[in-house]
Amino acid sequence: MDGNGDLRAEDSPFVFVKSRRRTGRQSRPSPKYASHSLFTEVHIEEYATSIHEIHLAIIKLRSRISQVCCADFLPNLVQSFKDAFVKYLGKLGPEEIVCYALGRFSTPTDWGRSCKLQLILLCELAENIQVPVSIFDPAFSPLENEYLRSEYCGFSVIDVNENGRRIAVRPTFFYMIHADTELYAYLIQVNRENSTLTNVILFGNTFDCKYPRNSVKKNPQ
């Protein structure tokens, strides 16, 4: 941090990772299981050059979910979220969704398809609980930001890197599946300091006992 306590770019919890070329022969999935993989494509997927191409790839993957899992997989998953909202919030859902660190969902890689899966679930949630969605990842390309803002998603793309330091002034569902643990820490810390932690509904990776040392102040109680 600098002298004013502000986070410098090099201290950001967001990390850019460049792909590395692999050498040698690559192992291929067994044909016995390949036909049942969500990542199996009928045609070789290429880098998208338009938001329409991104949407076609997402539609194809969504279709694979119905084939591999079941047609009710996504609706049942969304319903489990809504049941949890009622249980813990006492109402049908949060008033806002904020998504951090979704990842490069337009890339033709296994990681890109994993990001597409997270985006599909996010869109399904937003459609069902009818709340505004704000999203940010510094890795997003201009084309990906355009897609997220388009009629296909209708999300608001956050203009600045908040580093997870968003104060939840109202019940907010933070969708952070691919986020680094430091991003969770910053989010929890800023809301603890502002007495708004009860408005935070967090959906992400398992992070118990994995926070960086001293990244979150200990609760004096």
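Student: Which residues have the most contacts inside the largest nonpolar core?
Tutor: In this predicted model, they are Phe105, Leu119, Leu122, Ile135, Leu148, Phe155 and Tyr175. That core has 36 residues.

Student: And which elements supply at least two residues of this core each?
Tutor: The list is α2 (51–68), α3 (73–89), β1, α4, β2, α5 (142–149) and β4. The largest share comes from α4, with nine residues.

Student: OK, take Tyr175. What is Tyr175 in contact with, leaving aside neighbours within four places in sequence?
Tutor: Ile97, Val98, Cys99, Tyr100, Leu102, Gln118, Leu121, Leu122, Leu125 and Phe203.

Student: What other core lies apart from the largest one?
Tutor: There's one of 13 residues, and Ala168, Ala179, Leu183 and Leu187 are among them.

Student: Let's switch to the sheet. What's the strand order?
Tutor: It goes β3-β2-β1-β4-β5, an open sheet of five strands with parallel pairing.

Student: Which strands stand at the edges?
Tutor: β3 (156–157) and β5 do. Each has a single partner strand, so one side of each has no neighbour in the sheet.

Student: How many bridges hold β2 and β3?
Tutor: Two, in the parallel sense. Ser134 has Ser156 in β3 as its bridge partner.

Student: Now β1. Is that strand covered or open?
Tutor: Mostly covered: β1 spans residues 96–100, and five of its five residues are buried. Glu96, Val98 and Tyr100 are on one side, with Ile97 and Cys99 on the other, and both faces are covered.

Student: How many bridges join β1 to β2?
Tutor: Four, and those two strands run parallel. With β4 (residues 172–176), β1 also pairs in the parallel sense, over four bridges.

Student: Buried or exposed?
Tutor: Buried means under 20% relative accessible area. Ala101 has 9%, so it counts as buried.

Student: What about Ser195?
Tutor: Ser195 isn't a glycine either, and its phi is positive, about 55 degrees. Ser195 sits in the loop between α6 (181–193) and β5 (200–204). Its relative accessible area is 67%, so Ser195 is exposed.

Student: Last topic: what's the mean pLDDT of the chain?
Tutor: The mean is 78, and 69% of the residues reach 70 or more. Over residues 21–44, though, pLDDT is below 50, and that stretch has 21 contacts in the model beyond near neighbours in sequence.

Student: Where else does pLDDT stay under 50?
Tutor: Over residues 215–221, for which the model has 11 contacts beyond four places in sequence.

Conventions
Residues are numbered from 1 along each chain as its sequence is written. This is a predicted model: local features need pLDDT of at least 70, side-chain atom pairs count only at pLDDT 80 or more; totals for chains, interfaces and linings use all residues. Side-chain values use heavy atoms; hydrogens and water are left out. Buried means under 20% relative accessible area, exposed over 50%, partly exposed in between (1.4 Å probe, protein chains only). Two strands pair if DSSP finds at least two bridges between them. pLDDT is the predictor's confidence in each residue, from 0 to 100. Contact means heavy atoms within 4.5 Å. A nonpolar core is a set of buried Ala, Val, Leu, Ile, Met, Phe, Trp, Tyr and Cys residues joined through side-chain atoms within 4.5 Å.
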